[in-house]
Amino acid sequence: MKRNFWLLVGSQTLYGDDVLKTVNERAAYMVSYLNACGKLPYELIYKGTAKSNAEITDVIREANFDKECAGIITWCHTFSPSKMWINGLASLQKPYCHLATQYNREIPNEDIDMDFMNLNQAAHGDREHGFIATRLRIPRKVIAGYWQDDRVADRLGEWMRAAVGVAFSKELKVMRFGDNMREVAVTEGDKVEVQTKLGWQVNTWAVGDLVKEMNAVSDDEIDALMAEYAEKYDFNTENTDAIRYQAKEEIAMEKMLQREGCMAFSNTFQDLYGMEQLPGLASQHLMSKGYGYGGEGDWKISALTAIMKAMGERGNGKSSFMEDYTYHLVSGNEYCLGAHMLEVCPSVAADKPRIETHHLGIGMNEKDPARLVFEGKAGKAIVVCLIDMGGRLRMICQDIECVKPIMEMPNLPVARVMWKPAPDLLTGIECWITAGGAHHTVLSYDVSAEMMKDFANMMGIEFVHITKDTTVESLEEKLMVSDLIWKLRG
Ligand code: MN
């Protein structure tokens, strides 16, 4: 869907028509400048200068009901008394960013007089405007800086991506094939709570329905998808039947996902009744098209994968379902190795992935599943998980530095990513476990921790960030305080 953002400029009638005309012209120019600067991922639309309670309430009502509007950005060129914002802001249902900027970069030494001061008073206009959002306890982002600076446009762009994640989340449907893996705790969760807070519609379809859909896939459809695989991946197996079987699974799953309007799905190796192979290549290629995926029935991480992909580059960012697998605990050279039994998204691959078939002992596979094998890229990234604390959701985000895997691991038959978590592997593990973090995560190279924090704030869920500065002691304290706060907030 097309998304855009609205800029609302605050003012009042006190200044007279000339000042308001100038404010209006400048705001329109600012919007055209920002749209042309190439930094904003979505269009910014100037919705006028608001001068009264009625005007503000009307435009916010319009924003709430406009499907394409993914958020509002406000700025006060002049002073806008904030009581006229209360009725509007109290009813706002869209993400909200307060841009604290001013039209002129410099104070004009010779030209400054009281006329200039009357026109250019963002410094106190934005403070009056900020007070009322704080007083109303409205979650919002505050970005301060000169509007022509790249950093301001970059930050606005990042906030826009987080807000689009919110819009995407509120419409997200998740298709579960089968239930969660038996006895696993962290992949469970309160679906009613999740739908209330995040909007996700999480429902189950029988694996038998998928098998029926698979049986209806034609050879022509499989041939077409095989040609696409051949273009994107190297074939490193003679077992063409296994690849064709994965193609059949992918086509059938995508048909069901599209029919139901789902952008995320989960399955489990414990429930493949009627299927010869756990979908490997099939799930990987679907992820590369923007679908979320979670293994072992993990619908929470599947949905989060889809959202972070929607927040990333061009609506299908470099984010993947991931699992912490095993550690390299050599002193001074510690790493975490992430992978999954099959399903890592090729959007995070360093080089062209290869299709291979190998035996998969776990689960009900009658035949060896085809899968993509590759190394993940080096670079800064984050891992994010979402856990159900009972009564509330906690999002945990950790900064990581991915490296080219330090060994080849020629007998490891799956895609792999190697990284150092912040602040260091061992403290990072202690922090993650102390916070209750899951083994399943979304690993992303193009969604930042700040974007995830903004997303959590807009959604009203707890956010825990493990950074280079985090210690176990500081985290424990934060979690204890957080527990009290969230018991009160609910
Ligand atoms: Mn897993």
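This report walks through a sheet, a strand pair and some ring contacts in a predicted model.

## Before you start

Residues are numbered from 1 along each chain as its sequence is written, and side-chain values use heavy atoms, with hydrogens and water left out. Because the model is predicted, local features need pLDDT of at least 70 and side-chain atom pairs count only at pLDDT 80 or more, while totals for chains, interfaces and linings use all residues.

## A four-stranded sheet

Let's begin with an open sheet of four strands in the order β7-β6-β9-β10, paired in parallel. Strands are DSSP runs of E with at least two residues, and helices are runs of H or I with at least four, numbered from the N terminus; two strands pair if DSSP finds at least two bridges between them. At the edges stand β7 (201-205) and β10 (292-294), each with a single partner strand, so one side of each has no neighbour in the sheet. On average, neighbouring strands of this sheet are turned by 20° against each other, direction ignored.

Three bridges join β9 (residues 264-266) to β10 in the parallel sense, and Ser 266 stands opposite Gly 294 in β10. Helix α12 (residues 299-311) lies across β6 (173-177), β7, β9 and β10, running at about 155° to β10. Contact here means heavy atoms within 4.5 Å; axes are lines fitted to C-alpha atoms, for helices over the stretch in contact, and angles run from 0 to 180 degrees between N-to-C directions.

## Strands β4 and β5

Strand β4 (residues 96-100) runs parallel to β5, joined by four bridges. His 98 has Val 142 in β5 as its bridge partner. In β5 (residues 141-144), Lys 141 and Ile 143 form the covered face, whereas Val 142 and Ala 144 form the uncovered one. In a regular strand the side chains alternate between the two faces of the sheet.

## Rings and charges

The count of aromatic pairs is 10. Rings of Phe, Tyr and Trp (its six-membered ring) pair if their centres lie within 6.5 Å; planes under 30 degrees apart are stacked, over 60 edge-to-face, and the rest tilted. Phe 5 and Tyr 42 have ring centres 6.1 Å apart and planes at 55°, so this pair is tilted. Phe 5 belongs to strand β1 (residues 4-10) and Tyr 42 to the loop between α1 (17-36) and β2 (43-50), 37 residues apart. Both Phe 5 and Tyr 42 are buried (under 20% relative accessible area, with a 1.4 Å probe and protein chains only; exposed is over 50%, partly exposed in between).

The charged end of Lys 420 sits over the ring of Tyr 335, 4.3 Å from its centre. For this, NZ of Lys or CZ of Arg must be within 6 Å of the ring centre and within 35 degrees of the ring normal.
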